[in-house]
Amino acid sequence: MAEFLIIGGGIGGLAAALALQRIGRQVAVFERSPVFGEVGAGLTVGPNMLHGLAWLGLAEPMARHMMIPEHGGVMDIATGELLVSNRRGPVPAQRYGQPYAQVHRADLQRVLLDAVRRNDSSALHAGHALTGLSEASGSVTAHFANGRAVQGGFLIGADGSRSVVRDVLFPGHPPVFTGYVAWRGLVPMARLGHVRFFPDSAILIGPGRSLARYRVRQGELLNYAAFAESSEWAEEGWSIRSGLADLLDRYAGCAPVVREIIEQTPADQCFKWGLFDRDPLPAWTAGRATLLGDAAHPMLPFLGQGAAMAVEDAVVLARAVAAVGDPLAAFQRYEMLRRERTAFVTQASRAAVREFHSPDTRGYDPGRHRDAESLGIFAFNPATAPIHVA
Ligand SMILES: Cc1cc2nc3c(=O)[nH]c(=O)nc-3n(C[C@H](O)[C@H](O)[C@H](O)COP(=O)(O)OP(=O)(O)OC[C@H]3O[C@@H](n4cnc5c(N)ncnc54)[C@H](O)[C@@H]3O)c2cc1C
């Protein structure tokens, strides 16, 4: 019987598995998909997340996959004018002890998977969709759609924003459509060789729509995420194909570079979905189970911090278990240590999009710009943050 059952093999679940293995605990991870895998998309990894990944022993493999942009910026989506520019390159590492970088999600997933598997080749179980939980004294049992029931000491729900674990522990918190639809795409840079991308990492903003773009995979691919206001409901999920015509239509009148990026997207590389939001839960822990990552605190993607919060959760949770000993007391400590920060980032992500999509882009200036750095989010180190409470 594994001490910790972890439901969900995304970035949060795998980081939690590795963090608990690092302190000598036994884990079993259950993923509903038939294979462990991530969608083809990019991810921003700020210094706070990289401190967590370094604590997990992943500094070296991450360095092989990361792209470090030289500059970050905010641009007007209609004119392409640069509104705010930040020097990146070596600066974040000098300031925070870790760089600001971007990776392909599948590369990060692979690094996490390999590390968990190296520690324990029997820890990973694909094809296990959780359907329910039951508790007896001293144990918790996870029930799966494939008919299996697995007993463990404690359970961590890292099953994402549509978490079944959350619905079992805290029913009655349905998702609410935010009024934003999103598209993501990956474009081979070879198709965009004629376009000058300065700054090399940027968000283009304007009334009712925005687009974030940066390079991944040693600069071979341009990753973008586009967001538009819409009263129309779109499914929540990452893998719903979208035609380019719809996207071109929504981004009519934008700077030529935006249309170029969209037009050069391979037809099978554009996906669309609706952004849903939830208010913070009253608690994350009930009985022998707790929540982590998007299952605990789903947030809008406008500060690029959701995966970072999941990695921070994982490190703080394992450090709490190591410090407190009893996992039940550690779950309470973890929740207490994490709730305020994740609620702040959730609220700040909502506020960021209101600024990005405000009608007066021309008035947007460095003084108004709110990103994860100016909000102080990068300065947190989950590997050294205090775990003991007075
Ligand atoms: C457009 C966009 C851009 C983003 N950009 C960034 C960024 O730049 N930086 C950043 O830090 N964050 C970013 N995020 C947020 C980030 O993607 C998420 O916060 C992060 O993936 C959460 O990880 P997780 O492991 O908690 O959940 P998930 O990644 O959703 O993983 C949950 C896993 O649980 C599995 N699962 C679900 N239900 C069950 C079940 N019943 N039984 C078993 N398994 C189950 C799923 O298949 C999945 O593998 C972005 C999000 C979006 C939408």
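Visitor: Let's start with R217: is it buried, exposed or partly exposed?
Guide: Keep in mind that this is a predicted model. R217 has a relative accessible area of 26%, so it counts as partly exposed.

Visitor: And where does R217 sit?
Guide: R217 is in the loop that links β13 (209-216) and β14 (221-229). Its phi is positive, about 55°, although R217 is not a glycine.

Visitor: What about phi of Q218?
Guide: Q218 has a positive phi too, near 55°, and is a residue other than glycine. Q218 is likewise placed in the loop between β13 and β14.

Visitor: Is Q218 buried or exposed?
Guide: Exposed: its relative accessibility is 53%, and the cut-off for exposed is over 50%.

Visitor: Okay, peptide bonds. Is the one from F198 to P199 cis or trans?
Guide: That bond is cis, with omega near -5°. P199 belongs to the loop between β11 and β12 (201-206).

Visitor: Switching to aromatics. How many aromatic pairs does the structure hold?
Guide: There are 11 aromatic pairs in the structure. One of them is F30 with F144, where the ring centres are 4.8 Å apart and the planes are at 35°, so this pair is tilted.

Visitor: Which parts does the F30 and F144 pair tie together?
Guide: F30 is in strand β2 (residues 27-30) and F144 is in strand β9 (residues 139-144), so the pair links parts 114 residues apart in sequence.

Visitor: Are those two buried or exposed?
Guide: F30 is buried at 2% relative accessibility, and F144 is buried at 4%.

Visitor: What's the geometry of W183 and Y251?
Guide: That pair is edge-to-face, with 6.2 Å centre to centre and 85° between the planes. W183 comes from strand β11 (residues 176-188) and Y251 from the loop between α7 (244-250) and α8 (256-263), so the pair ties together parts that are 68 residues apart in sequence.

Visitor: Buried or exposed, W183 and Y251?
Guide: Buried: W183 has 0% relative accessibility, and Y251 has a relative accessible area of 0%.

Visitor: Which residues form an aromatic cluster?
Guide: F4, F154 and F331 form one.

Visitor: Now the helices. At what angle do α1 and α5 pack?
Guide: Helix α1 (residues 11-22) packs on helix α5 (residues 105-119) at about 30°, and their axes are 9 Å apart. Angles under 35 degrees count as roughly parallel, so that is the label for α1 and α5.

Visitor: Which residues make that contact?
Guide: From α1, the contact uses I11, L14, A15, A17, L18 and Q21. On the α5 side, the residues are R105, L108, Q109, L112, L113, A115, V116 and N119. By class, the contact has 10 nonpolar, three polar and one charged residues.

Visitor: And the handedness of that crossing, left or right?
Guide: The α1 and α5 crossing is left-handed.

Visitor: How do α2 and α9 cross?
Guide: The axes of helix α2 (residues 47-55) and helix α9 (residues 306-324) come within 9 Å and cross at roughly 45°. That angle makes α2 oblique to α9. This crossing of α2 and α9 is left-handed.

Visitor: Which residues meet there?
Guide: N48, M49, G52, L53 and W55 of α2 meet A307, A308, M309, V311, E312, V315, A318 and R319 of α9. The contact of α2 with α9 divides into nine nonpolar, two polar and two charged residues.

Notes. Residues are numbered from 1 along each chain as its sequence is written. This is a predicted model: local features need pLDDT of at least 70, side-chain atom pairs count only at pLDDT 80 or more; totals for chains, interfaces and linings use all residues. Side-chain values use heavy atoms; hydrogens and water are left out. Axes are lines fitted to C-alpha atoms, for helices over the stretch in contact, and angles run from 0 to 180 degrees between N-to-C directions. Helices (H or I, at least four residues) and strands (E, at least two) are DSSP runs, numbered from the N terminus. Angles under 35 degrees count as roughly parallel, over 145 as roughly antiparallel, 65 to 115 as roughly perpendicular and the rest as oblique. A crossing is left-handed if the near helix is turned anticlockwise from the far one by less than a right angle, and right-handed if clockwise. Contact means heavy atoms within 4.5 Å. Ala, Val, Leu, Ile, Met, Phe, Trp, Tyr, Cys and Pro count as nonpolar, Asp, Glu, Lys and Arg as charged, and the others, Gly among them, as polar. Rings of Phe, Tyr and Trp (its six-membered ring) pair if their centres lie within 6.5 Å; planes under 30 degrees apart count as stacked, over 60 as edge-to-face and the rest as tilted. Buried means under 20% relative accessible area, exposed over 50%, partly exposed in between (1.4 Å probe, protein chains only).
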